[in-house]
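The sequence and the structure are shown first.

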Amino acid sequence: MIFVFDIDDTLYDLEDPFKLAFFHMFGHTPSNIHDIFLDFRLYNNKIYEKALLGEITMEEMCIYRAQNAFKDHGIIIDESKALEFQLLYLRDKKYIKLNEHVENSLKLLKNYQIPMGIISNGPHKEQFEKISYLGVEEYIPRENIFISEDVGFHKPSVEIFDYAREHILENLLSKENNQNNIIKHNKYKNEQFDKKMYENTIINNNEKNALFLPKDYRNTYKIHMKNELNNTENVKQNHLNTNKIIKNKKVIHDYDFFYIGDSYSNDIYGANNAGYKSIWINHRKYSNLNIDSRPDFEINSFKNLFDLLVYLLTK
């Protein structure tokens, strides 16, 4: 099994920096802040793909989502205020933390030595800043992190999921080959060390014996010993050549890839089409969606993610 995660609203709760930015801008946190946030996300999702495709700028998207979400709740702001809110929102993302249940899930997978990765839409700089704030690379190596701006495709396109799967498998194969080569190298060194000790013992004994040979036979003996040492070098070179063949040999892996995300349209729909098993963290309790294909697992809280992973790893 290999588990691949989304970032926003999956590794951490996206509502936390939103609430903090709202407080820093307006000086209070209204009782309906959760509803404002949900509308903010709704307007974001309406035009996010256009921003990724370059049909509109990211700045235009940020103005659109803030103005319309706030307006629906009686808060009127102009474009400059919308951009001010965006700057506060970005700044306050520095305080994001892994959800405690997600962090426990990552620790669980790491303890079981389960390979992990990330597929996320967004700009390289912004997404890797979040990864740094969250401390994700303690659990997921950078070579298994794929951001849409870097890959050239974005979710829900099959291409970004295929790209990630191919590279995670290549990285896994490379790691396994390196570990196998280290084991073989250490074994070879030990064998050569034992062999060298044996050869030195033989050489020393034979040289002692050669002292008692007639002088005419001593030169013949030296030629014989030189040939024996050359044979040893040939054996060593053949061993190294065999190692090269083993290292270059391709091995086919059969892994189930699981993708974990909060967005049905981007995460679950895309993962299903790419042949991943999907885990939908529907902690926003979305319903009445136009669902073409069901997730393999749907959970409604971060805690349930940990419980589900325990089940999958121990069944």
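Why is E4 largely enclosed by the rest of the structure? Five of the five residues of E4 are buried, so the strand is largely enclosed; buried means under 20% relative accessible area, exposed over 50%, and partly exposed in between, with a 1.4 Å probe and protein chains only.

The model is predicted: local features need pLDDT of at least 70, side-chain atom pairs count only at pLDDT 80 or more, and totals for chains, interfaces and linings use all residues. Residues are numbered from 1 along each chain as its sequence is written, and side-chain values use heavy atoms, with hydrogens and water left out.

**The sheet**

Six strands form an open sheet in the order E3-E2-E1-E4-E5-E6, with parallel pairing. Strands (E, at least two residues) and helices (H or I, at least four residues) are DSSP runs numbered from the N terminus, and two strands pair if DSSP finds at least two bridges between them. The edges are formed by strand E3 (145-147) and strand E6 (297-299), each of which pairs on one side only. On average, neighbouring strands of this sheet are turned by 20 degrees against each other, direction ignored. Axes here are lines fitted to C-alpha atoms, for helices over the stretch in contact, and angles run from 0 to 180 degrees between N-to-C directions.

**Strand E4 and its partners**

Strand E1 (residues 2-5) pairs with E4 in the parallel sense over four bridges. Within that pairing, Phe3 has Phe258 of E4 as its bridge partner. Strand E4 (residues 257-261) also pairs with strand E5 (residues 277-281), in the parallel sense and over four bridges. The bridge partner of Phe258 in E5 is Lys277, and that of Tyr259 is Ser278.

**The β-α-β unit**

E4, H10 and E5 make a right-handed β-α-β unit. A crossover is right-handed if, with the strands pointing away from the viewer, the path from the first strand over the helix to the second runs clockwise. Helix H10 (residues 264-273) lies across E4 and E5 and runs at about 165 degrees to E5. The buried residues in H10 are Tyr264, Asp267, Ile268, Gly270, Ala271 and Asn272. Just after H10, Gly275 has a positive phi of about 85 degrees.

The loop between E4 and H10 holds Asp262. Asp262 is buried but has no salt bridge, and the nearest side chain of opposite charge, Arg41, is 5.1 Å away. For this comparison Lys and Arg count as positive and Asp and Glu as negative, while His and the chain ends are not counted. Leaving aside neighbours within four places in sequence, Asp262 is in contact (heavy atoms within 4.5 Å) with residues including Asp6, Asp8, Asp9, Asp267, Trp280 and His283.

**Salt bridges**

A salt bridge is a side-chain nitrogen of Lys or Arg within 4 Å of a carboxyl oxygen of Asp or Glu. By this rule the count comes to 16 salt bridges.

| Pair | Closest N to O |
|---|---|
| Lys130 and Glu126 | 3.5 Å |
| Asp162 and Arg165 | 2.7 Å |

An α-helix has 3.6 residues a turn, so residues three or four places apart point the same way. Lys130 and Glu126 are four residues apart in helix H6 (residues 124-134), which separates them by about one helical turn. Lys130 is buried at 3% relative accessibility, whereas Glu126 is partly exposed at 24%. Asp162 and Arg165 lie three residues apart in helix H8 (residues 158-210), about one turn of the helix. Asp162 is partly exposed at 32% relative accessibility, and Arg165 is partly exposed at 21%. In helix H11 (residues 302-314), Asp307 and Lys303 are four residues apart, or about one helical turn. Asp307 is partly exposed at 35% relative accessibility, and Lys303 is partly exposed with a relative accessible area of 43%. Elsewhere, salt bridges that share partners join Asp9, Asp13, Glu15, Lys19 and Arg284 into one network.
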